[in-house]
Structures are given as structure tokens and as C-alpha cells.
Amino acid sequence: LTITAEDKSKTFGEADPEFTVTYAGLVNGEQATVLNGTLAFSRVSGEDVGTYAITASGLTSDNYAITFKTGTLTISKKSVVDQVFSIATIPSVVYTGLAQRPEPEVKDGSKTMVLNTDYTLSYTANTNAGTATVRVTGIGNYSGTTTQTFTITKATLTITAEDKSKTFGEADP
């Protein structure tokens, strides 16, 4: 009798799905209920994107020589577009004459994500006062892109007339 752990999949950050098996070799219409013990599962630990072996165990039989075969749990990237993903805050920026690159707080639900580990940033129209855009692109365990606009406020410029003096009858300086 071969008991095979079925392949399963999930997206990064989700709980493991329910593990199941298939049976090959039961005779004369018998069902798995003829087996002794309790079906148990284990899998190689890890939560990053990748593949992990699923192993079934725990069943015995007086009438069947049992072989357990492993299955695979595949963890795929979480999409920054389809999932709860947000740019929580963007620091306010003031015009400096240079490209503005504020680092927003980026979250996946309540988890604060890490720049250059979970995502990268790129900017457009980010030099002059007005509206600019920051693009967040998922990397590592995340995929996809989302954007958020931010405002570059005008810098304060003070123009002060200088004090001058002249002697009566002279032209203005």
C-alpha cells in the first residue's frame, strides 16, 4: 500500500493548508478505515518562498506493507497588489532643488516591511514642488508593484530689501 502526501501550495504569509494523502493499493474495495494508527503530517520547516517536503506517517496494517511517499508544499510570492499592502506614511518633503526620495513606511497588514529585503523604491517627477510618485516593487517573498503619490511642498524663500543711504540731493543708490 502506498500512501502519498498530496502536493499543496500557499502564498507567503498564509497558514499551511490542510494536508491530505492518496492511497494506492487497497484491495477488494477496502477503505483507509482498515488501517491502524493515526495519520500524522510533518513538513520541512520554513516560511520563505520555495518548496518544502510534506511527510505522512502514523498508519500501520497487519495486511498491507505500507510505503509513505512525500509530497511538496510550494510557497509562492505574495503580491503587493492583491494583498493587504500599503504605504502607511510618507514623510513630508520640501523643495530643495534636488530629487526627493522620502522613505515611506511600507506595511503588509500590520507587518512593517524592510526596504531592499521585501521591496524596492523608485520615484518619478520628484524634483520640483508639486505631486510626485513613489513606486514600491516587491522582492524576495513579495511580487508586484504599487504606487502612491506624495507632495513636495514649496520651500520658503524670503526676499529682503537691503537698507541703503544717501546724502540729500544725491541720486538713489
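Two strands count as paired if DSSP finds at least two bridges between them. Strands are DSSP runs of E with at least two residues, and helices are runs of H or I with at least four residues, numbered from the N terminus. The model on display is predicted, so local features need pLDDT of at least 70 and side-chain atom pairs count only at pLDDT 80 or more, whereas totals for chains, interfaces and linings use all residues. Residues are numbered from 1 along each chain as its sequence is written, and side-chain values use heavy atoms, with hydrogens and water left out.

**The whole chain**

Display the entire protein chain first. The chain holds 16 strands and zero helices. Its C-alpha trace spans about 125 × 20 × 20 Å along the principal axes. The radius of gyration is 32 Å, while a compact globule of 173 residues would have one near 16 Å; this radius is taken over C-alpha atoms, and the globule rule is 2.2 Å times the number of residues to the power 0.38. Buried residues account for 25% of the 173 residues, where buried means under 20% relative accessible area, exposed over 50%, and partly exposed in between (1.4 Å probe, protein chains only).

**The four-stranded sheet**

Next, select β2, β7, β5 and β4. In that order they form an open sheet with mixed pairing. Strands β2 (8-11) and β4 stand at the edges with a single partner strand each, so one side of each has no neighbour in the sheet. On average, neighbouring strands here are turned by 20 degrees against each other, direction ignored; the axes are lines fitted to C-alpha atoms, and angles run from 0 to 180 degrees between N-to-C directions.

Cross the sheet from β2. Strands β2 and β7 pair in the parallel sense over four bridges, and Lys 8 stands opposite Leu 73 in β7. Strand β7 (residues 71-76) is also joined to β5 by five bridges, in the antiparallel sense. At this pairing, select Gly 50, which faces Ile 75 in β7.

**The hairpin**

Continue to β4 (residues 36-43) and β5 (residues 50-60), which run antiparallel and are joined by six bridges. Gly 37 has Leu 59 in β5 as its bridge partner. Six residues lie between the strands of this hairpin, in which Gly 46 takes a positive phi near 140 degrees.

Finally, select Asp 62, in the loop between β5 and β6 (67-69). Is Asp 62 buried or exposed? With a relative accessibility of 76%, Asp 62 counts as exposed.
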